Structures are given as C-alpha cells and as structure tokens.
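Hi,

Here is the structure I promised to pass on to you.

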Amino acid sequence: MTEATATFEVRREGTAALVDIEGDVTAGSEAVLMAAYDQAGDARAVVLNFSGLSYMNSGGIGLLVTLLVRANRRSQQLLAFGLSDHYRQIFELTRLDEAIGIHDDERSALAAIGVTGVGR
Amino acid sequence: MSEMQEPVDTAQIPDQATARTAANWAKRVTRLDVAEVPAGATGINVAGKRLNSPIQGFGRLWQKTYQVHLPGDVVSPRDLIAMWKQKFPQFWPEGNHFYGPLTGIAPGEVALIEGTLPGRLRLSTGVMVLYADEESFTLMTPEGHVFAGWVTFSAATQGDETVAQAQVLMRAGDPIFELGMSLGGHRQEDKIWGTTLLNVAKHYGITDAEVEMAAVCVDKRRQWKRWTNVFKSAAIGSTLYMLAAPFRAVFGRRG
C-alpha cells in the first residue's frame, strides 16, 4: 500500500552478490528488492549491505522473510552486514538472525562464505 | 521561505533516524513477561515464551491480505490507525477476547487472547506488539500460538478512499495446527480478520462495506525440522489447563 523509498544496487564479488541498500525499507520496497534479487542470479550467496539503511518498519522485516524463502529455494545463503545496533536488536527480536548470518562488515561477511581478498 | 537557512548538521541525521525507529519498535526481549493477568484470561501460554517469526514455524508460509475501503472524507489513515490502536479489542469478533493494555497498542506491550477452536476447545494465547507507528502496527506471536508470524494492521490513502488493511504473514506453528488450518482453520482466520475490518467500518457508520481478501502461498514447503513445536502447543497447554481445573479448585482452596 506504500511506494518504494529505497534503492537496491547489486554488485558481484566472486560467487557472492552484494546488495547495497539505501533509504527506507518498507512493504513498498517489495518490487525493487525482488528485482535486485533477480539480478543476483546464480550467486552462491546474497549479502545485504544495510550501511545506507535509514529506516525499516515491520513491512520491511516481512520482506526479508520472503527474500529468505526465495534464497533457500535456490540453495543460496543470505547474509547481512552494516546493521546499526538498533537493527541488530530487531533482527534478534524477530529471530531473523537465526536464519540470516549477521556480520560487522563486508570483508567478514564475504570471508564467512569463502570469498577472501576482497571487500571494503 | 527565508533565503537564510540553518546549515544541515549531517552528523545528527543517523541519530534522528535511530530515534525515529527506536520509538516504533519493541525493545529486545528473550522471553515474554506478563505483568498482570486480567480476569477471564490465563496467560499460561504466554509468560516465559519466546517470540516466533515465520522462520520458526512449521507449516506452509502464507501471506494473507484483508482490506476494507472507506470514504476518505470519513476518516484519514492516521486517524483510523490512532483509533484502531486505542480500541483494538472492541473490533474482535464475538467468541474471542483480546485483553490488551488499557492505554492501547504500543510497542513492547503484551496482550492476552482467549479464543475458541473447533470443538469448543478453549485456546489461551497472546501476542506482543512488535511495531507501531502512525500508519500501522504489528502483532507478533509467541511459541505455541496457532501460527508463527505476525499480523500488520495499516491504513493508506487510495484515490479518494482510506483503505484499512490486515496482513498476516504466517506459518502454522506445528503439524497439528497445520492440519487444522487446512481443515477449516484458514476459513476461521478469514472470518476473524474479515469481521474485524467490518467492525472497524461500522465504527465509522459504514454498514455496507465489503472485505477484499487475497492469499498467497509464499512457500509451499513445510519445515519438518520444526515438528517438535507441537510440544509447546497452546492448544495442548490450554486443554491440560482446563482438565486440571477441578484439581486447582480443590487444592487451591486448601492452600
């Protein structure tokens, strides 16, 4: 019921697809997030960069659940980094952290999936 | 507008963003705490339980959306949500009781629910307010609930109408609830949220409103590794609690 207020830029690092998120992630972000996910293609892992996140509501958390289902279907790992302390707590509260690997930065997220020597 | 404007202090922006979101989300909790159990509720399947997102559920993942359209000149989305948060329990269908906080829906508040299952079985459960802002609020379920997930209530402007919406993202909590959902549980849920929305419309004097429903199966796969959720079932807990009522009456009097 709301319009997209976030952008999702996709880049590749080895076998991983990184999604740089900027702006507000809400239910209105569904189409752009899923389009970004489709660009990830056959990546072995999808890594979400939340460094540019300014706001996320419960609709945004719901989108991540949907994204996780799609990633599981393709046998892809889903990871995240760049979360503020507040959003880390939200991931813990909603127990998303049990299915999405949370990392401090891009380098450690990529290292966790065996992509080394790259990352910011 | 004045030509001279205060320079933007960009260092303040992240703090403002954090403050904006922090007030809308519940604080992190490991297990739910029920401070006070109102008369008529038990709180037995809520106190000490963890929250369950759809990830921790068993059944197929469903996203179900219910909408009712109201004339935009009758109520704005923000006013509707403010009213809904304040009077949420009043709109529940008969036979189900929502024991919410007297102050209305607010992030982190725990509400108790007394409902009925097919066969007149009583179901004691609850929810926590996960998120609330001026245009929406979300209730999340604890372990043992019929479903693992959340329900988001929202309102938005569409053309010259205000659309009130309830959207459920859920997996049935355990194999028994999954079976129950396919044997009438989904219909019962449709009735609960459909009636709730019609009651909201009636509050504004709209008696001929119709509820639109859409259900999408986001994931057809069941999470069999979660079958042990059945041991925390609120239905089983509620039934045992009911069966133990005579013993509580006897031993309670002695104590």
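In chain A, Arg12(A) stands opposite Ala17(A), which belongs to strand S2(A). Before you go further, please keep in mind that this is a predicted model.

That pair sits where S1(A) and strand S2 (residues 16-25) of chain A run antiparallel, joined by 9 bridges. Zooming out, the sheet of chain A is open and has 5 strands, ordered S1-S2-S3-S4-S5, with mixed pairing. Its edges are strand S1 (5-13) and strand S5 (101-103) of chain A, each of which pairs on one side only. On average, neighbouring strands of this sheet are turned by 25 degrees against each other, ignoring direction.

The axes of helix H1 (residues 30-40) and helix H2 (residues 58-73) of chain A come within 11 Å and cross at roughly 25 degrees. An angle under 35 degrees counts as roughly parallel, so H1(A) and H2(A) are roughly parallel to each other. Their crossing is right-handed. Which residues meet there? From H1(A) they are Glu30(A), Leu33(A) and Tyr37(A), and from H2(A) they are Leu63(A), Leu67(A) and Arg70(A). Sorted by class, this contact of H1(A) with H2(A) has 4 nonpolar and 2 charged residues, and no polar ones.

Now to chain B. Here 8 strands make an open sheet with antiparallel pairing, in the order S2-S3-S4-S5-S6-S7-S1-S8. Strand S2 (97-99) and S8 of chain B are the edge strands, each pairing on one side only. From one strand to the next, the twist averages 20 degrees. Within this sheet, S5(B) and S6(B) pair in the antiparallel sense over 5 bridges, and Ser136(B) has Ser154(B) in S6(B) as its bridge partner. Helix H2 (residues 77-87) of chain B lies across S4, S5, S6 and S7 of chain B and runs at about 145 degrees to S6(B).

Finally, how do the two chains meet? The contact takes 24 residues from chain A and 30 residues from chain B. On the side of chain B that touches chain A, the elements giving two or more residues are helix H1 (13-22), strand S4 (121-132), strand S5 (136-140), strand S6 (147-158), strand S7 (161-172) and strand S8 (211-219) of chain B. H1(B) gives the most to that side, with 5 residues. By class, the residues of that side divide into 16 nonpolar, 10 polar and 4 charged.

Best wishes

Conventions:
Residues numbered from 1 in each chain as written. Chains lettered and ligands numbered in written order. Predicted model: local features only at pLDDT ≥ 70, side-chain atom pairs only at ≥ 80, totals over all residues. Contact = placed C-beta atoms within 7 Å. Helix = DSSP H or I, 4+ residues; strand = E, 2+ residues; numbered from the N terminus. Nonpolar A, V, L, I, M, F, W, Y, C, P; charged D, E, K, R; others polar. Axes fitted to C-alpha atoms, helices over the stretch in contact; angles between N-to-C directions. Parallel < 35°, antiparallel > 145°, perpendicular 65-115°, else oblique. Left-handed = near helix turned anticlockwise from the far one by under 90°. Pairing = 2+ DSSP bridges.
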